[in-house]
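Please keep the sequence and the structure in view while reading.

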Amino acid sequence: MQDPLPDANHRGPPEEAMVFGGEMRLWAKLVNIAVLAVLVAVAVSFLWLMSSLPRIEGRVPVKGLELPATIARDSVGIPHITARSVRDAYFAAGWTHAQDRLWQMETQRRVGAGRLAEIVGEAGLPSDRFMRTLGLRALAEASLEKLDKPTRDALQSYADGINAWLRDHWHRLPPEFVVLRARPEPWSPADSLVIGRLLALQLTNDWQSEILKAKLAAHFDARRLAELWPGSPPGTPVTVASGLADAVMAAVPETARPHLASNVWAVSGERTASRKPLLANDPHLSFQAPVQWYLMSMEAPGLSLTGATIPGIPFHLVGHNGRIAWGTTTTHADTVDLFLEQQVGEDSYQTRQGNERFSVRQEVIKVKGGDDVTLSVRGTRHGPVISDLMAKDLAKPGQVVALRSTALEADDVTAQAFQRLNRAIDWRGFSAALKDFQSPVQNFAYADTAGTIAFATAGRVPLRKGGNGSVPARGWTGEGEWTGWIPPDKLPQTVNPKSGRIVNANNRVVGERYPYSIATEWPEGYRAQRIGEVLDSKAGLTVADMADLQLDQLSLAALELKELMEGPPSIDPQAAEAARRITAWDGQSTADRPEPLIFAAWLDQLWHDILADDLGDDFKAFRRVRPEVLAGILTSHRHWCDDETTPEAESCEQISARALERAVKALSERHGPDMATWTWGSDHRAVFEHPLLRHLPLVGGISEASIATGGDDFTVDRGTYLPGSFRHIHGAGLRVVYDLADLSNSRFIIATGQSGNPLSRHYDDLMEAWRDNRGLAIGRRQDNAAVLRLEPGY
């Protein structure tokens, strides 16, 4: 059959249509090419970023390593280092820290050295100005030569390991370096010491209270001030001008603000099922992602360490070495004083011996994307002038404020103390090592396989010519001069107490008859009281019992205060129901119950309604609820309850009832009217934010880890929260339980995860285990471990 002849009238597609179709096909090709290019770019970028994750298996030649070493990681990324020499063990520790936490290390050393603005721009200037004024970097360099040779060698070997990693991975840096287009400089031993000094600064907190007290002294008499600071000695404090006090408080950046607490306890073999001691510790720091702690074990001839490190520092701050175990809490010692100095002329200040010239140094701060900033730092015999940071014109005529701190002593050898106690084999060696511990002042709990338990406070606590450091001193009078330190052998210490237990939760460590002044303010004793009650209620204690106690969420503060907060019956039905619930509540602050949420909102509102009118703008500096102060107001100092902004005189009962109604209304607006559906965990969530990536769109959520938690500011399971939002911001980022019958059976857990890289599966894989305190046994190489073999490279 023949094909039909073409229609003579058919002319085919017009020329315009053919051109249009060709253009369409061309654009389609271009679009496809563009899409393909974008996909390829995304894929390449993803692979490049993923290349920043550490290599954990195989063999790697490493220049600087003397003998082969291995890094065996378990299923959650915890490394076990095996080396043939102590030098190579610290080298491998530096390599490992750099693999997993380089960005954390970089930011910490830059914060301490006052060089943050170099990579983040103007946002880093407040921190840099403060740190340059203190001069932490220069002090670290000066103290390096004071250390003994084994400590310097460990610091140098650790730095060599970091630098070996940097040298071989400069093109595969963590994503934060890519975002900021920054490159890390070589690591030095002084960088580790800077981080140590920064930690010491962050673990002291009394001086900001001192400046607030001095400011309020202009508005309240000594009696009313004593009602706000019940532990302070009687007498009128030094008054600091409002503007000067505000300048000092504003000068302190977030990087230097304290957020500290901890729990530690030990029980002797007489109280345990194994007949050997148990020791539990959970240091409390502010939450961030990644958490500050990093778990690691190390083995080398003459060296065996398992426990928690801070990346950037080679030594184990909390851990065991196969024979002894230790944990720490902050003493809250008064180791920072403010001195009000009287300026004379342009370049001098008054002293008891006559006028002295200010020392002056110039600090040049480089700012990314901006001009260099030159900072002129004035110094006095008491320390750097910090009031210059904000405004020189806010003081009384000629007055400035200088700061003295044990963290600013040039001869500090605290790193040496850690190197020595890491290798101690008994209490004698451990306590000898503590004599080198200088800043910050810490409490150490100790236990060993021979059965000894002990406790000691270590660090430099100033002796003063006059006063006790609870208020700023007048520098020209000599009244607050530091004349030395409390002798180490006079600091609190106990070995094998008759009670068979040791407990500290930042509570007072000395009695009223102690001859020296360690502090005038101590944290509330609720946590220590609860720990003691639970320990005394049980016999045959086990590792599981210790872990359960670390999660105890009974709030003794809530049980005490709720009885004092009762007001007249409310006509508001929701407030009445809330009151009934709180009355029947047993004080357990668990995440799944409404009562902890109701109580926290009520307490927060009541504290605000009582004090905000009296303190005005200064209330924000007094925002954290202080149970002892509140109890005093509701029982003895009831004049605080009267609202000064109203013509009527209010009673504490009226203020409390109104506060409950306001709190319940706010919660109803947030969670709906059905109180039975409210839960503490809906608001009280532990949030770990990445300091940098949280500010970036899209990736901010990826870099954040959060989980619902229980507890409050006064429970053993510390749940410190932001007032108003109740977001959990501070608590036990590390929990440890040591079993001295078998130290390999000890349990460790940290929040977030081992990796600091948000792309890693170990960035936040420990969150649920941390919340539930499912501790991990570490220190033994597992059969399924990923093993990386480091070999000497030349």
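## Report on selected local features

Pro523 is found in the loop between strand E23 (501-504) and helix H14 (526-536). The model discussed here is a predicted one. Leaving out residues up to four places away in sequence, Pro523 touches His332, Asn506 and Asn507. Pro523 and Phe714 are separated by 191 residues in sequence, while their C-alpha atoms are 9.7 Å apart in space.

### Aromatic pairs

A search of the whole structure finds 24 aromatic pairs. One of them is formed by Trp229 and Phe622, whose ring centres are 5.4 Å apart and whose planes meet at 70°, so the pair is edge-to-face. The reasoning rests on a cut-off: planes over 60 degrees apart count as edge-to-face. Trp229 lies in the loop between helix H10 (222-228) and helix H11 (242-251), and Phe622 lies in the loop between helix H18 (595-615) and helix H19 (627-635), so the pair ties together parts that are 393 residues apart in sequence. Trp229 is buried, and so is Phe622.

Phe688 and Trp770 also form an edge-to-face aromatic pair, with 5.5 Å from centre to centre and 85° between the planes. This pair links distant parts of the chain, since Phe688 belongs to strand E24 (residues 685-688) and Trp770 to helix H23 (residues 767-771), 82 residues apart. Both Phe688 and Trp770 are buried.

Aromatic residues also occur in a group: Trp326, Phe418, Trp427, Phe430, Phe437, Phe444 and Tyr446 form one aromatic cluster.

### Charges over rings

In two places, an arginine lies over an aromatic ring, as the table shows.

| Arginine | Ring | Distance to the ring centre |
|---|---|---|
| Arg224 | Trp640 | 3.9 Å |
| Arg378 | Phe358 | 4.5 Å |

Glu227 is placed in helix H10. Is Glu227 buried or exposed? With a relative accessibility of 8%, Glu227 counts as buried, because the limit for a buried residue is under 20% relative accessible area. The side chain of Glu227 makes a polar contact with the side chain of His637, at 3.4 Å.

### A loop serine

Ser188 is located in the loop between helix H7 (175-180) and helix H8 (189-202). A polar contact of 3.4 Å joins the side chain of Ser188 to the side chain of Arg137. Apart from residues up to four places away in sequence, Ser188 touches Arg137 and Ala159.

### Two packed helices

Two packed helices are described by the angle between their axes and the distance between the axes. Helix H17 (residues 573-584) and helix H20 (residues 652-671) pack at an angle of about 105°, and their axes are 9 Å apart. H17 and H20 are therefore roughly perpendicular to each other, because angles from 65 to 115 degrees are placed in that class. On the side of H17, the contact is made by Gln574, Ala575, Ala578 and Ala579. On the side of H20, Leu660, Glu661, Val664 and Ser668 take part.

### Backbone features

Which peptide bonds are cis? The bond from Ala289 to Pro290 is cis, with omega near -5°. Pro290 is placed in the loop between strand E5 (278-286) and strand E6 (294-300). A cis peptide bond also joins Ser439 and Pro440, with omega at about 0°. Pro440 is situated in the loop between helix H13 (427-434) and strand E17 (442-448).

Positive phi values form a further topic. Phe726 has a positive phi of about 65° although it is not a glycine. Phe726 lies in the loop between strand E26 (720-721) and strand E27 (728-732). The relative accessible area of Phe726 is 2%, so this residue is buried. Thr752, likewise a residue other than glycine, has a positive phi near 50°. Thr752 is placed in the loop between strand E29 (747-750) and H23. Its relative accessibility is 1%, and Thr752 therefore counts as buried.

Methods: Residues numbered from 1 in each chain as written. Predicted model: local features only at pLDDT ≥ 70, side-chain atom pairs only at ≥ 80, totals over all residues. Heavy atoms only, no water. Helix = DSSP H or I, 4+ residues; strand = E, 2+ residues; numbered from the N terminus. Polar contact = N/O pair within 3.5 Å; in protein donor to acceptor, adjacent residues only side chain to side chain. Contact = heavy atoms within 4.5 Å. Phe/Tyr/Trp six-rings, centres within 6.5 Å; stacked < 30°, edge-to-face > 60°. Buried < 20%, exposed > 50% of the residue type's maximum accessible area, 1.4 Å probe, protein only. Lys NZ or Arg CZ within 6 Å of the ring centre and 35° of its normal. Axes fitted to C-alpha atoms, helices over the stretch in contact; angles between N-to-C directions. Parallel < 35°, antiparallel > 145°, perpendicular 65-115°, else oblique.
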